[in-house]
Structure formats: C-alpha cells, structure tokens
Amino acid sequence: MSVASPPNPSLALQSKRWNGLRHVLEREGLFCKDDFTPSPDNLEFLQTKCKVLIIGAGGLGCELLKDLALMGFGDLHVIDMDIIELSNLNRQFLFRRTDIGASKAECAARFINNRVPTCKVTPHFCKIQDFDESFYQKFHIIVCGLDSIVARRWINGMLLSMLRYEEDNSIDVASIIPMIDGGTEGFKGNARVILPGFTACIECTLDLFPPQVNYPLCTIANTPRLPEHCVEYVKLIQWDKESPFGAPLDGDDPQHIAWIYERAQERANQFNISGITYRLVQGVIKHIIPAVASTNAVIAAACAMEVFKLATSCYDSMANYFNFNDLDGIYSYTYEAEKSDSCLACSNAPQLLTIEDPNTTTLEDVIKELCELPRFQLKSPALTTVMADGKQRTLYLASVKSIEEATRKNLTQSLGELGLQDGQQLTITDVTSPTAITIQLKYQANEIEMS
Ligand SMILES: [Zn+2]
C-alpha cells in the first residue's frame, strides 16, 4: 500500500471509524458551547482543513501525534531538533532501535504516516527559533510537548507578538492562535490552555517554575552535604584538574560517567554522604528529569482533548490549568491561573525594576536580579538604552566577543556612574523571548552622586 500519498478526504469522511466522533460533533448536547452548530462540517474541518503544530517529538510529542492522528486530525506538523537515543525507546514508542541517531521529527512523522492513512504529518528537523512569524501563522492551534522552559517562553512570546489590535485597542480575535502546553516531570504533570492576550500566559505564571538549581561553589568545595554536591565537585573541579580523557566532559559517554561516579563516590565517603548511584551521576551531569510513560500518556491525552475542543468548538476549553500527580494514588485538580497585570510578555505595562540605591547598585547587580528574580528568570540578558543625549548605548552584551570585551567594564560600575536616571528605560534581549522587552528603573534613593 502506498503510504506517502496525502490523506483521502472521502475515505476519511465515509469511514464508520468516526461514528464515535459523529455522536459528539453532529448532535446537540447539554454541555455544548452556546455557539456550537452540530454538523458534518465539524468533522470535515478536523480532517481536511485544521492545521495543528506539535512542538516536540519526545515523550509527550509521540503521544500527542498518536492521539491527534487517531482522533481524526488530517494535517499535523511536528518540530524537533533532537535525534533519537537508546534511552528514549522505553517511552517514545514511535521509535525503534534502528532509528537511533535519526531525527525524532522525521521518524515520528514517518511512523504515523505509515500507520494512519487519514493523517499526513509534516516533520521539521530544526529549532523553533529557525522559523519566524510567517511559519507559525499557518496553524490553527499549537500544542507543546517540551521539556525546555526557554523554548516554552520563546513560543509564548512569538504567539503574543503575532496578536493584532483593533482601533479601540481590543485584540483582533482572528489573530489569536491558541497554545496548549503539556509538561511532565516524573509522576507529576500539567496541561494548560493559553489564549494569548486573553488568559494567563507562560510568563504570567513564571514563578511556578522553580529556578534551575545551582549549588553554590563554596558549598560544593568546602561543605558538601548532598550526593549531588559531590558529583558537581568532580564535574566542576576534578575533571578540569585531572583531564582524565584529554577531552571535554561528554554526558553521553559511559566511560566519562563511570569516572565521575568513582571520584564522586570517593568524595562522598570522605564526607560520610550516602546515595551516590550511577543513575544519579547521569542525572546531575545531564540534568535529566526522570520520565514516566504513564504520566506522559495522561498529559498528552488531556492536551489532545483540548485541541479537539478548540478545533471543533464543541465544548468550552478547560479553564485553564490542570495538575496531575500519580506518585501515590492519583490526584488531580484544575484551576484558573490568572493573567498577571504586570506580566513581562502579555501586559502592556512597563516593567519596573526597583533599585534601592543607584550609587551602590552595579550593572552586574541588575543583570543578576534579571536572572534570579522569579518574575524575570532571564538567561543571558543583553542591555541597551537611550542616553539623555538621545544616543543609543549598549550597556552589556555577552554573545559577541568584541562587544563583551568593550562593555565588560560597565558591569562593575554603578548605575549612577553609568549616567542612568530614575525612570530610565532599558531594552533587553534574551534567549527566552523572540522580542525585546523594556524595563524601567525606579530609584528609591533619588540623589545620584555624579562623579
Ligand atoms: Zn502573561
């Protein structure tokens, strides 16, 4: 049987296979949305017109592709920049041993296209940042199965930047592309519905993501208490000192992991710390979050259901944040995350950064705040501003070597010394957002000592 041919709409529509969906889409029901019109058109839209983008073809992505394809969606796209590794195979069930080393997006698409003749999956083996607005605009709905918070924030920013406004400043609803976001970590998971501009976005609830754990170097070096401290010590200090393989540390090389495991064990013995295991070493080195197939299945199913509701508008979307935990029995609840008035991404309000004393606060302190404050959590911000004389000035930029060197001296200067005024606006770019953000300095102490 030919498998590469596009889905055949008549085959799709006639099949008895969709009788279950017809009951939902062609009949009235008590819980239907007010503006829902039962009609065969609903199923036809799902199968022939609705374009859905799935971001990520990993644990959640495989589940999402399978769920949506079997639910009758005919036009799916999937983006993933990763290749398949052996350790993926226990849960990323669209992949086989012979696929190791190949693109996740391409293999997943091929599998679904072979298996579900009514669905055509188009793979994109690249990063989400490789595409611009014109690509994302093509989709009716975007669903994310990501493990990266930076990528989530980036796509969230992209969808917000694509909103168009009417003359009275209200959002043109035609410019809204709903985003369904699923996430899992071990036995915990969540699914949420984001209508950009209307409901809470990723940045509105950024403080729900705990900042990445970084152990202080002094603890690691002098007073280790946890097995993780010992692993970090070997990774950060001993590896460079002893250079055991004459190569940079490779978290995928079992010999490297084994070397770190032995050294970390020795250090743990010295400090009477227990709990060093090979898996823990791997986890710390590669920042692995353990993945549980059943959690992925539940969360992907919840996300697929929301995609279905939005695509057919048969029922109201979930409002708007579903939490799930199957660590000890099963526990779940749904609540409505609120849109934040001061959200970095979706409010038009200027973001105030309160500075206690501009004469003692250095630019480096400001950058540190931007990285550490729960509401910002930036990664490597680049800062520019417009000075009083109207000239654009780059205060700090780390990504270009020559500019970094030229602006490094600013880091140790105080805001007063840099000539930054109370109320001054800083334009900030960062990997967490496709667009620049503006931050306004607010001084507590008004007097600036000009030196
Ligand atoms: Zn927001």
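Rings of Phe, Tyr and Trp (its six-membered ring) pair if their centres lie within 6.5 Å; planes under 30 degrees apart count as stacked, over 60 as edge-to-face and the rest as tilted.

## Rings that meet

With that in hand, look at the aromatic side chains. There are 12 aromatic pairs in the structure. Take Phe 131 and Tyr 136: their planes sit at 90° with the ring centres 6.4 Å apart, so this pair is edge-to-face. Tyr 136 has a relative accessible area of 0%, so it is buried (under 20% relative accessible area; exposed is over 50%, partly exposed in between, with a 1.4 Å probe and protein chains only). Both rings belong to a cluster, linked by ring pairs, of Phe 131, Phe 135, Tyr 136, Phe 139 and Trp 154.

Another pair is Phe 322 with Phe 324, which is tilted, at 6.3 Å centre to centre and 35° between the planes. Phe 322 is buried at 14% relative accessibility, and Phe 324 is buried too, at 7%.

## Before you read on

This is a predicted model, where local features need pLDDT of at least 70 and side-chain atom pairs count only at pLDDT 80 or more, while totals for chains, interfaces and linings use all residues. Residues are numbered from 1 along each chain as its sequence is written, and side-chain values use heavy atoms, with hydrogens and water left out.

## The zinc site

Which residues hold the zinc ion? Its protein donors are the SG atoms of Cys 201, Cys 204, Cys 343 and Cys 346, lying 2.3 Å from it. Donors here are N, O and S atoms within 2.8 Å of the metal (3.2 Å for Na, K and Ca); water is not among the atoms, so sites may look incomplete. The 4 donor atoms subtend angles of 98 to 118°, which makes the arrangement tetrahedral (four donors with all angles between 85 and 135 degrees).

Along the sequence, the donor residues follow the spacing C-x2-C-x138-C-x2-C. Distant parts of the chain are linked here: Cys 201 is in the loop between strand 6 (188-194) and helix 8 (217-222), and Cys 346, 145 residues apart from it, is in the loop between strand 8 (331-335) and strand 9 (351-355). Helices (H or I, at least four residues) and strands (E, at least two) are DSSP runs, numbered from the N terminus. Cys 201 and Cys 346 are both buried.

## Two nonpolar cores

A nonpolar core is a set of buried Ala, Val, Leu, Ile, Met, Phe, Trp, Tyr and Cys residues joined through side-chain atoms within 4.5 Å. The largest one has 49 residues, and those touching the most other members are Val 52, Leu 65, Leu 68, Phe 73, Leu 76 and Val 143. Helix 12 (residues 293-312) gives the most to this core, with 8 residues.

Leu 68 has contacts (heavy atoms within 4.5 Å) beyond four places in sequence with Val 52, Ile 54, Phe 73, Leu 76, Val 143, Ala 304 and Val 307. Apart from this core lies another of 32 residues, including Ile 142, Ile 155, Ala 200 and Tyr 321.

Is Asn 320 buried or exposed? At a relative accessible area of 5%, Asn 320 is buried. You'll find Asn 320 in the loop between helix 12 and strand 7 (321-325). Not counting residues up to four places away in sequence, Asn 320 touches several others, among them Ala 191, Arg 192, Thr 199 and Tyr 335.

An unreviewed UniProt entry annotates Cys 218 as "active site", and Cys 218 is in helix 8.

Note on methods: Four donors count as tetrahedral if all angles lie between 85 and 135 degrees; four count as square planar and six as octahedral if opposite donors are over 155 degrees apart and all others between 65 and 115; anything else is irregular. UniProt positions are given in the numbering used here, feature names are shortened, and annotations may be inferred rather than shown by experiment.
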